[in-house]
Amino acid sequence: MSHSPHSFSRLLHQTAHAWRLAVDRRLKDSGLSMSSWLAIATVATAPEPPTQKALAQLLGLEDASVVPLVDRLVNQQLLARVQPKEDRRKRLLVLTDLGNEAFIEVKSQADALRTELLADVDPAELAITEKVLKQLLVRLGNP
């Protein structure tokens, strides 16, 4: 087994890319890409409604990259921009009823895919993999 830093980086990139494609294929009928699904899931599971800037940070995207994504989700009536009473300059992102329905449906599909993909992976090895990935995220400033 090779421990080359180049093979690790390549495997990490290829796996993330293949995972994203698999999710996109699974969600094709929902009309949502993985980017859209991740944005909806992030808003749905956030302890408080995020701002657009906070959503960009949570998704690891540039602020400018998240603007068209949020615009698209607002146009699809899955997200809404809400102005809080305490700060009229801010816009918070919240799921609409339709967005919440989409989240529930797509989450079940994504969970099923994850279960299928990881069915034959030893739980101890998966735990180690998750630990290593979390360590890397912390070192990269993304706790």
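The following questions and answers examine a predicted model of a protein chain.

Reader: What box do the C-alpha atoms of the protein chain fill?
Author: The protein chain has 143 residues, of which buried residues make up 25%. Taken along the principal axes, the C-alpha atoms fill a box of roughly 55 × 35 × 25 Å.

Reader: Asp 71 forms a salt bridge with Arg 81; how many residues apart in sequence are the parts that the pair ties together?
Author: The closest N and O atoms of Asp 71 and Arg 81 are 2.5 Å apart. Asp 71 belongs to helix α4 (residues 63-75), whereas Arg 81 belongs to strand β1 (residues 79-82). The pair therefore ties together parts whose separation in sequence is 10 residues.

Reader: Are Asp 71 and Arg 81 buried, exposed or partly exposed?
Author: A residue is buried under 20% relative accessible area and exposed over 50%, and it is partly exposed in between. Asp 71 has a relative accessible area of 30%, and Arg 81 has a relative accessibility of 34%.

Reader: Lys 107 and Asp 111 form a salt bridge; by about how much of helix α5 are they separated?
Author: The closest N and O atoms of Lys 107 and Asp 111 are 2.7 Å apart. Both residues lie in helix α5 (residues 97-118), four residues apart. Because of that spacing, Lys 107 and Asp 111 are separated by about one helical turn.

Reader: Which residues are linked with Asp 111 in a network of salt bridges?
Author: Asp 111 forms a salt bridge with Lys 107. The side chain of Asp 111 also meets that of Arg 114 in a salt bridge, at 2.2 Å from N to O, and these two residues are three residues apart in helix α5. The residues linked with Asp 111 in the network are therefore Lys 107 and Arg 114.

Reader: What is the relative accessible area of Arg 114?
Author: Within the network of Lys 107, Asp 111 and Arg 114, Lys 107 is partly exposed at 34% and Asp 111 is partly exposed at 24%. Arg 114 also counts as partly exposed, and its relative accessible area is 37%.

Reader: How far apart are the end C-alpha atoms of helix α6?
Author: Helix α6 (residues 123-139) has 17 residues. The expected span is 1.5 Å times one less than the number of residues, so α6 should span 24 Å. The model agrees, for the end C-alpha atoms of α6 are separated by 24 Å.

Reader: Which residue has a side-chain oxygen that reaches the backbone nitrogen of Ala 124 at the start of α6?
Author: The contact is found at the start of α6, where the oxygen comes to within 2.7 Å of the backbone nitrogen of Ala 124. The residue that provides this side-chain oxygen is Asp 122.

Reader: Are α2 and α5 roughly parallel or roughly perpendicular?
Author: Helix α2 (residues 34-45) packs with α5 at an angle of about 110 degrees, and their axes are 10 Å apart. Angles of 65 to 115 degrees count as roughly perpendicular. The orientation of α2 to α5 is therefore roughly perpendicular.

Reader: Is the crossing of α2 and α3 left-handed or right-handed?
Author: The axes of α2 and helix α3 (residues 52-59) come within 10 Å and cross at roughly 115 degrees. The crossing of α2 and α5 is left-handed. For α2 and α3, the crossing is right-handed.

Reader: What is the phi of Gln 77 near?
Author: Most residues other than glycine have a negative phi. Gln 77 lies in the loop between α4 and β1 and counts as exposed at 54% relative accessibility. Its phi is positive, near 60 degrees.

How values were computed. Residues numbered from 1 in each chain as written. Predicted model: local features only at pLDDT ≥ 70, side-chain atom pairs only at ≥ 80, totals over all residues. Heavy atoms only, no water. Salt bridge = Lys/Arg side-chain N within 4 Å of Asp/Glu carboxyl O. Buried < 20%, exposed > 50% of the residue type's maximum accessible area, 1.4 Å probe, protein only. Polar contact = N/O pair within 3.5 Å; in protein donor to acceptor, adjacent residues only side chain to side chain. Axes fitted to C-alpha atoms, helices over the stretch in contact; angles between N-to-C directions. Parallel < 35°, antiparallel > 145°, perpendicular 65-115°, else oblique. Left-handed = near helix turned anticlockwise from the far one by under 90°.
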